[in-house]
Amino acid sequence: MSVEATRDRRGAAIAVCGGLLVVAGAILPWMSLFAGLQRYSGMAGLYGRLMFAGGALSVASGVAIAWRPRERLRYAVGALGLVLVLFSGWILMGLGATPRALGGHPFLIARPGPGPFVVVAGALALATLLLPNKGEYRNAH
């Protein structure tokens, strides 16, 4: 097995695992109310569905990278990861403001869930595909 094949598998594994983390984060609760009695998944809204779609696209692209390695596809998945990092950071800022706005209500007890943080972790993993590859695709064509 050549070094190129090992690195291609590493990139594919990063794309698949990072995409799965983004998908899992979209499904996990993003917000809980009433001290955790009522939970809202990311799939309840448009932003969570967009994150889910981005994660699913990353998983499919990771399989494509493993099957037929292409440098452009690897960088495209890394760029998607960077977009997901920026988007999830924007969501985290808004999500942080929501419990503060609802904090004065004595019965709501709003708290952020683990979902957006898992999405950020997966998106950061995907964004690492933008790092230089040191010639790993020289003989891939």
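The following legends describe close-up views of a predicted model of one protein chain.

Residue numbers start from 1 along each chain as its sequence is written, and side-chain values rest on heavy atoms, with hydrogens and water left out.

**View 1. Overall course and confidence of the chain.** Four helices and three strands make up the secondary structure; helices (H or I, at least four residues) and strands (E, at least two) are DSSP runs numbered from the N terminus. Their sequence from the N terminus is α-β-β-α-α-β-α. The mean pLDDT (the predictor's confidence in each residue, from 0 to 100) is 86, and 87% of the residues reach 70 or more. Where pLDDT is low, predicted coordinates should not be read in detail. Of the 141 residues, 36% count as buried, a class defined by under 20% relative accessible area, with exposed meaning over 50% and partly exposed in between (1.4 Å probe, protein chains only). The accessible surface, from the Shrake-Rupley method with a 1.4 Å probe, comes to about 8,100 Å², and 69% of this area belongs to carbon and sulfur atoms. For contacts (heavy atoms within 4.5 Å) with a separation of 6 or more, 77% join residues 24 or more positions apart.

**View 2. The three-stranded open sheet.** The strand order is β2-β1-β3, and the pairing is antiparallel. Strands β2 (38-41) and β3 stand at the edges with a single partner strand each, so one side of each is left without a neighbour in the sheet. Two strands count as paired if DSSP finds at least two bridges between them. Strand β1 (residues 29-33) is joined to β3 over two bridges and to β2 over four bridges. Five of the five residues of β1 are buried.

**View 3. The β1-β2 hairpin.** Four residues lie between the two strands of this hairpin, in which phenylalanine 34 takes a positive phi near 55°. Leucine 33 has glutamine 38 of β2 as its bridge partner. Methionine 31 is bridged to tyrosine 40, also in β2.

**View 4. Surroundings of serine 32.** Serine 32 belongs to strand β1 and, at 12% relative accessibility, counts as buried. Its bridge partner in β3 is arginine 111. Leaving aside residues up to four places away in sequence, serine 32 touches Gln38, Arg39, Ile109, Ala110 and Arg111.

View 5. The expected span is taken as 1.5 Å times one less than the number of residues. The buried residues of α2 are Gly48, Met51, Gly54, Gly55, Ser58, Val59, Ser61, Gly62 and Ile65. Alanine 53, in α2, is partly exposed, with a relative accessible area of 41%. Between the C-alpha atoms of alanine 53 and glycine 19, which are 34 residues apart along the chain, the separation is 9.4 Å.

**View 6. The largest nonpolar core.** This core has 15 residues, and those with the most contacts inside it are Val22, Met51, Val77 and Leu84. A nonpolar core is a set of buried Ala, Val, Leu, Ile, Met, Phe, Trp, Tyr and Cys residues joined through side-chain atoms within 4.5 Å. Two or more residues each come from α1 (3-27), α2, α3 (71-102) and α4. Apart from residues up to four places away in sequence, leucine 84 touches Val22, Met51, Gly54, Ala123 and Leu126.

**View 7. Helix α4.** The 13 residues of α4 should span 18 Å at 1.5 Å a residue, and its end C-alpha atoms are 18 Å apart, in agreement. Gly115, Pro116, Val119, Val120, Gly122, Ala123, Leu126 and Ala127 are buried in this helix.

Definitions and conventions. This is a predicted model: local features need pLDDT of at least 70, side-chain atom pairs count only at pLDDT 80 or more; totals for chains, interfaces and linings use all residues.
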